Amino acid sequence: MPASLDPISRSIMRNQPLRDQLSRMGVSGEALLVLCGPDGSNLALSETTRRYFGPSASKMLGCGWVSAVHPDDQMAAADAWLKAVYDEAAYDLQLSYRRHDGSYHRFAVTGVRYVDADTCQTHWLVVLEPLRPTLPVAGPRGLTLSAGGGGPVRR
């Protein structure tokens, strides 16, 4: 294995169950990836993640990630993360994250728990898949239907 691999790529390469899980999830090339330690703190960011957050990416390490989450989502995100890390609950949410230009974009966020091959400790790979906005589709009698299956909305 090349020594030049970043920590996230190295973790994925060394952990077959993690590779299998990511394959089942169908992780896209646009996904943001964050490697977290046993205590849930952020240890490393993928290059895609660094590009998304820009100069503020380094603030995402440790527990600073919460400040990048939209204020309306911060409490739910932090609470769900603590439950995932300490109570082994699922971490599967939709959250808005602030991009380097100040705009917020919605992501499907999933925490994948795995045992690190080097340390034999539980680690996490958090996958943030960009969500595409649903486009309204004209329906009968002035109803707008969400292409994402959200149901009719009166105009």
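Hi everyone, a definition to begin: buried means under 20% relative accessible area, exposed over 50%, and partly exposed in between, with a 1.4 Å probe and protein chains only. What we have here is a predicted model, where local features need pLDDT of at least 70, side-chain atom pairs count only at pLDDT 80 or more, and totals for chains, interfaces and linings use all residues. Residues are numbered from 1 along each chain as its sequence is written, and side-chain values use heavy atoms, leaving out hydrogens and water.

Let's start with the aromatics. Rings of Phe, Tyr and Trp (its six-membered ring) pair if their centres lie within 6.5 Å; planes under 30 degrees apart are stacked, over 60 edge-to-face, and the rest tilted. Searching the whole structure gives 6 aromatic pairs. In one of them, F53 and Y97 have ring centres 6.1 Å apart and planes at 75°, so this pair is edge-to-face. Are these two buried or exposed? Both F53 and Y97 are buried. Another edge-to-face pair is W81 with Y91, at 4.9 Å centre to centre and 70° between the planes. W81 and Y91 are both buried too. Y97 also belongs to an aromatic cluster with Y52, F53 and F107.

Now, over to Q74. Q74 is partly exposed, at 24% relative accessible area. Which residues does Q74 touch, not counting those up to four places away in sequence? They are V66, S67 and V69 (contact means heavy atoms within 4.5 Å). The Q74 side chain also reaches the backbone oxygen of V66, at 3.1 Å.

Terms used
Polar contact = N/O pair within 3.5 Å; in protein donor to acceptor, adjacent residues only side chain to side chain.
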